[in-house]
Amino acid sequence: MVTFLPRLPGRLADIPSFDRAIGGAESNVACTLARTGHSTRWISRVGTDGFGDHLLAAIADCGVDVGHVRRDPLRPTGVYFRTAGDRATDTHEVAYYRAGSAASAMTAADLDPAALHTGRILHLSGITAALSADCLGLLRELTARRPGRPLLSFDVNYRPGLWRDPAQARVLLELARGADLVFVGDDEARDAWGLHGPRAIREALPEAHTVVVKQGRDGATVFRRTREPGGRTRESRGLTREPGGVTREPVGLMREPGGRRDAATATGSATDTDTDTATFVPALRVGLVAATGAGDAFAAGFLSATLRGLPDRTRLRYGHLWAAAALTVPGDLATPPSRPYADRLAALDDPAWERLHLAPGWTDADADADADPDSDPEADPDSDTSGRRADEEVPTQ
């Protein structure tokens with residue numbers, strides 16, 4: 001969709017002018033990955049109107065292949081307006097205008113299977129499933145398990161406002177069970193499925209090879225299958241085993257939302273069940289500008305590290321770093337840190353990682369700059385890595 005961002009804080013009724021940008025869960029992920037050097041393709045449907053022209057040009061400018069996007073002469077391109085406030089507060093407003101849009105008319109018949117299956121990862125979002133019956137049918141078709149498909153990534157992206165009957169959101173669980181890699185917030189799983197805690201979420205998605213549970217300001221946990229019951233090793237395309245097999249580090253406790261603790265892992269470490277390795281990495285502190293788009297950035301960061309075959313701990317840290325980039329800009333889409341800079345930050349030891357405090361503009365820092373807050377004994381513990389104070393501490397998803 002085309003996004004209109006307010007030039008001033010306040011209610012939509014009081015804001016006189018907006019800046020135009022682009023937004024959309026799947027396109028955000030594609031653009032963010034392309035800006036880091038990955039080859040990406042976005043497949044969708046937009047109108048033949050000026051907004052459709054703008055979307056295609058802007059997404060292509062990020063380096064994304066848009067050659068398989070269909071143009072619809074009968075339906076408009078979707079748009080939405082939002083306020084500048086945090087989505088989690090009562091002051092945040094979003095006004096969507098996409099009923100009857102070109103994207104809502106997508107069906108499986110519109111898509112070229114060859115265009116879908118030539119990549120290493122096919123990424124989908126639960127938002128698409130909520131747009132229309134046709135879109136839900138499309139998602140059911142794409143999440144059906146068939147030989148030869150690429151690794152299928154699914155971000156649940158539960159949005160209560162898109163589901164007239166909350167019970168209908170149970171279909172997102174059905175779709176997630178068809179994926180190889182699932183991203184879901186613990187708050188989403190609680191509200192949509194009545195599940196509480198990372199372990200319960202993992203147990204509800206036994207079919208997925210990898211499940212990433214985002215736990216708000218605590219951090220995120222990835223569950224990755226290493227063995228089938230009975231001891232057989234199972235690896236999925238695009239997900240590589242860590243050097244030496246399953247990583248074993250000292251076992252600790254993982255925080256749950258609200259301070260509860262569940263038997264799992266200490267910071268950045270991994271433990272085994274009979275079939276899974278669970279790895280937890282705490283969230284970063286950042287100077288919040290706007291929260292919209294952070295979940296898409298988190299998914300893009302995790303997928304980037306997955307494509308590079310990096311360990312689970314690094315995949316989660318990439319997710320947190322790219323989400324921090326999105327949280328520190330006003331729009332839905334941010335330029336992530338350069339790969340060398342992200343690698344440098346992701347390699348910090350646990351205490352240095354937990355002391356990072358990233359402020360707006362942090363991704364512009366020189367990749368060779370010293371990112372370790374311990375390097376300056378006089379460094380302000382409440383400042384980001386460039387020494388600028390952050391406005392507010394927020395989670396990175």
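This report walks through a predicted model of one protein, from its overall make-up to a few single residues.

## The big picture

Let's start with the whole chain. The protein has 397 residues, and 53% of them count as buried. Its secondary structure comes to twelve helices and 17 strands.

How much of the accessible surface belongs to carbon and sulfur atoms? The figure is 49%, out of a total of about 16,800 Å². As for contacts, take those in the protein with a separation of 6 or more: 68% of them are between residues 24 or more positions apart.

In soluble globular proteins, nonpolar side chains tend to be buried together. Here, the largest nonpolar core holds 41 residues. The ones with the most contacts inside this core are Phe183, Val212, Leu284, Leu316, Leu321, Trp322 and Trp362. Which elements give two or more residues to this core? On the helix side they are H1 (25–34), H9 (294–307), H10 (312–327), H11 (339–346) and H12 (350–355), and on the strand side E9 (181–185) and E11 (219–225). Helix H10 gives the most, with nine residues. Apart from this core lies another one, made of 38 residues, including Leu124, Val156, Trp163 and Trp193.

Leaving out residues up to four places away in sequence, Phe183 touches His123, Val212 and a run of others: Ser153, Phe154, Asp155 and Val156, plus Phe298, Ala299, Phe302 and Leu303.

## Where H9 meets H10

Now for a pair of helices. H9 and H10 pack with their axes 7 Å apart, at an angle of about 145°. The crossing is right-handed.

From H9, the contact is made by Ala294, Ala297, Phe298, Ala300, Gly301, Phe302, Ser304, Ala305 and Thr306. From H10 come Thr314, Arg315, Leu316, Tyr318, Gly319, His320, Trp322, Ala323, Ala326 and Leu327. What kinds of residues make up this contact? Twelve are nonpolar, six are polar and one is charged.

## A closer look at Tyr318

Tyr318 sits in helix H10 and is one of the residues in the contact with H9. Is Tyr318 buried or exposed? Its relative accessibility is 0%, so Tyr318 counts as buried.

Not counting residues up to four places away in sequence, the partners that Tyr318 touches are Gly301, Ser304, Ala305, Arg308, Leu310, Arg339, Ala342, Asp343 and Ala346. Take Ser304: Tyr318 is 14 residues away from Ser304 along the chain, and their C-alpha atoms are separated by 7.8 Å.

## Two residues of strand E15

Strand E15 covers residues 276–282, and Pro282 is found in this strand. Pro282 counts as buried because its relative accessibility is 6%, under the 20% cut-off. Thr277 has a relative accessible area of 3%, so Thr277 is buried as well.

Each of these residues has a partner from elsewhere in the sequence. Pro282 and Arg317 are 35 residues apart in sequence, with 8.5 Å between their C-alpha atoms. For Thr277 and Thr226, the gap along the chain is 51 residues, while the C-alpha atoms are separated by 6.7 Å.

Last stop: Asn157. Where is Asn157 found? Look in the loop between strand E8 (151–155) and helix H6 (171–176). Although Asn157 is not a glycine, it has a positive phi of about 45°. Asn157 is also buried, since its relative accessible area is 6%.

How values were computed. Residues numbered from 1 in each chain as written. Predicted model: local features only at pLDDT ≥ 70, side-chain atom pairs only at ≥ 80, totals over all residues. Heavy atoms only, no water. Core = buried A, V, L, I, M, F, W, Y, C linked by side-chain atoms within 4.5 Å. Buried < 20%, exposed > 50% of the residue type's maximum accessible area, 1.4 Å probe, protein only. Helix = DSSP H or I, 4+ residues; strand = E, 2+ residues; numbered from the N terminus. Contact = heavy atoms within 4.5 Å. Axes fitted to C-alpha atoms, helices over the stretch in contact; angles between N-to-C directions. Left-handed = near helix turned anticlockwise from the far one by under 90°. Nonpolar A, V, L, I, M, F, W, Y, C, P; charged D, E, K, R; others polar. Areas by Shrake-Rupley, 256 points an atom, 1.4 Å probe, with all protein chains shown as cover.
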